[in-house]
Amino acid sequence: MLLGSVLNPVNSTIIAVALVPIGGALGAPASQTAWLVSALYLATALGQPVVGRLIDVFGPRRLFLLGTGLVGVAGVVGALAPGLGVLIGARVLLGFGTCAGYPAAMALVRGEAERTGRDSPGGVLTALSVANQTIAVVGPLLGGLLIAVGGWRATFALNVPLAVAAVVLGLLRLPKAQPKAEPAAQPKAEPAAQPTAVPTGGSARRGSLAARLDLPGMGLFAAMLVSLLLFLMNPHLRDWYLLALSAAAGAAFAARELRAATPFIDLRVLGGNTPLLATYGRALVAYVVAYSFLYGFTQWTEEGFGLSPFHAGLAQIPMFLLAIGVSVVSGRSTGVRGKLLLGAVGQIAACLVILTLGGDSPLWMLLLVALIFGVPQGLNNLALQNSVYFQADPERTASSAGLLRTFAYIGSMVASSATAASFGQHADTGGLHRLARVMLGAGVLYLLLTLFDRTLGRAAGAGTRAPV
């Protein structure tokens with residue numbers, strides 16, 4: 001579970017230090033190499049809930065093996081890519097391939113909880129959160145080491161041994177069936193249409209499979225999300241048609257899901273699950289702050305403060321260490337409200353300190369900002385993950401976890417747009433302060449969403465779930 005879930009964050013962050021050498025080797029400008037980042041985000045934001053739904057229907061084993069196998073193929077394609085177009089295609093394959101790890105892990109945790117009757121796997125959920133944080137922060141340092149040893153192609157080749165290990169472990173250790181997840185996913189009138197038997201023949205069974213997966217709903221969801229993310233990547237009034245297309249696809253998607261017998265995303269259930277909707281909203285604004293800091297603040301430390309890329313990465317180490325410590329300690333408690341409130345306060349405090357920074361600030365102030373950000377980094381990820389685990393419909397744990405990642409990537413796109421608009425052509429101190437004010441606004445909104453959410457409390461500790 002840990003290995004599969006970190007395939008996405010390692011590929012999300014390791015590319016940061018590879019863009020410049022890739023552009024130099026392939027003769028591509030920065031405007032084109034930026035698609036190496038966006039392609040993975042687009043594929044992952046779309047693929048997480050889709051693959052999560054497939055996991056809910058068919059169980060985690062086969063989707064995990066298929067996804068991690070695709071990661072290995074993408075690693076080979078990327079390592080041998082002759083040009084930028086093929087390289088972007090490899091990143092799309094990586095995005096879809098890495099979609100299975102995290103939803104499969106959440107589905108496996110839920111399945112084990114139901115099998116054993118122990119509905120508080122705090123240690124496992126904490127380990128998932130810590131593993132993802134660790135990889136996300138050390139990704140740039142790992143990328144720099146790989147490039148120094150084997151060039152930028154080594155950052156793609158790394159996926160091959162990781163994928164082989166994940167597939168072997170999956171074959172050996174993952175359960176071959178999740179029978180409890182099947183009944184809710186199939187129509188009552190067709191009790192014999194088990195997931196393993198559907199593809200074997202017959203037009204009726206093929207129709208049953210298509211109905212259960214809701215392929216039209218998935219297509220409309222894809223059109224809505226891709227249009228929205230394409231606009232957020234470079235928001236401009238001339239691209240208004242993307243917003244119009246996203247709104248039209250969203251309306252059609254809602255109409256489809258409300259009348260579908262087995263919807264891709266059950267809007268009737270989701271609409272009645274206010275706690276889960278609030279969690280998704282908090283995730284979006286939390287990741288606006290987190291990604292703005294990860295990319296914007298790091299870019300300023302290089303251009304505005306004068307650190308080398310290697311030393312800029314080292315400046316993130318205090319955040320990485322403290323985030324792990326905070327996650328490990330706070331993971332012993334099952335409550336989420338206190339974690340969310342403290343995480344919100346930590347974000348606001350860090351943004352206020354950033355507003356005092358300048359090109360002549362002492363180095364210890366940069367380290368202080370990283371330390372302060374380590375608190376919300378360690379608390380928010382864990383609290384949001386645990387919230388989804390306890391608030392989601394147990395039969396849709398994987399797709400609900402996938403939607404959490406989708407909202408996180410929407411937040412990353414907003415952060416990317418805010419960073420570009422704040423800095424312009426150069427990451428100077430004025431741009432950093434403009435970005436910090438955007439981050440501060442998102443942090444305050446995160447705090448308000450937590451303060452006025454009456455559904456929060458210690459419900460998770462009691463093993464209860466929100467009414468759906």
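Thr 98 counts as buried in this predicted model, with a relative accessibility of 2%, well inside the cut-off of under 20%. Thr 98 sits in the loop that joins α6 (84-97) to α7 (101-116). Its side chain has a couple of polar partners to look at: the side chain of Asn 8 makes a polar contact with that of Thr 98 at 2.9 Å, and a polar atom of the Thr 98 side chain lies 3.2 Å from the backbone oxygen of Gly 95. Once neighbours within four places in sequence are set aside, the contacts of Thr 98 are Leu 7, Asn 8, Asn 11, Thr 44, Gln 48 and Val 71.

Next come the aromatic rings. A ring pair is described by how far apart the centres are and by the angle between the planes. The count here comes to 8 aromatic pairs. Take Trp 152 and Phe 156: the ring centres are 6.3 Å apart and the planes meet at 85°, so this pair is edge-to-face. Trp 152 and Phe 156 are both buried.

Phe 221 and Phe 253 make a tilted pair instead, at 5.6 Å centre to centre with 50° between the planes. Phe 221 belongs to helix α12 (residues 215-233) and Phe 253 to helix α13 (residues 240-259), so the pair ties together parts that are 32 residues apart in sequence. Phe 221 is buried, and Phe 253 is too.

Elsewhere, one aromatic cluster is made up of Phe 293, Phe 297, Trp 300, Phe 305 and Phe 373.

How values were computed
Residues numbered from 1 in each chain as written. Predicted model: local features only at pLDDT ≥ 70, side-chain atom pairs only at ≥ 80, totals over all residues. Heavy atoms only, no water. Phe/Tyr/Trp six-rings, centres within 6.5 Å; stacked < 30°, edge-to-face > 60°. Buried < 20%, exposed > 50% of the residue type's maximum accessible area, 1.4 Å probe, protein only. Helix = DSSP H or I, 4+ residues; strand = E, 2+ residues; numbered from the N terminus. Polar contact = N/O pair within 3.5 Å; in protein donor to acceptor, adjacent residues only side chain to side chain. Contact = heavy atoms within 4.5 Å.
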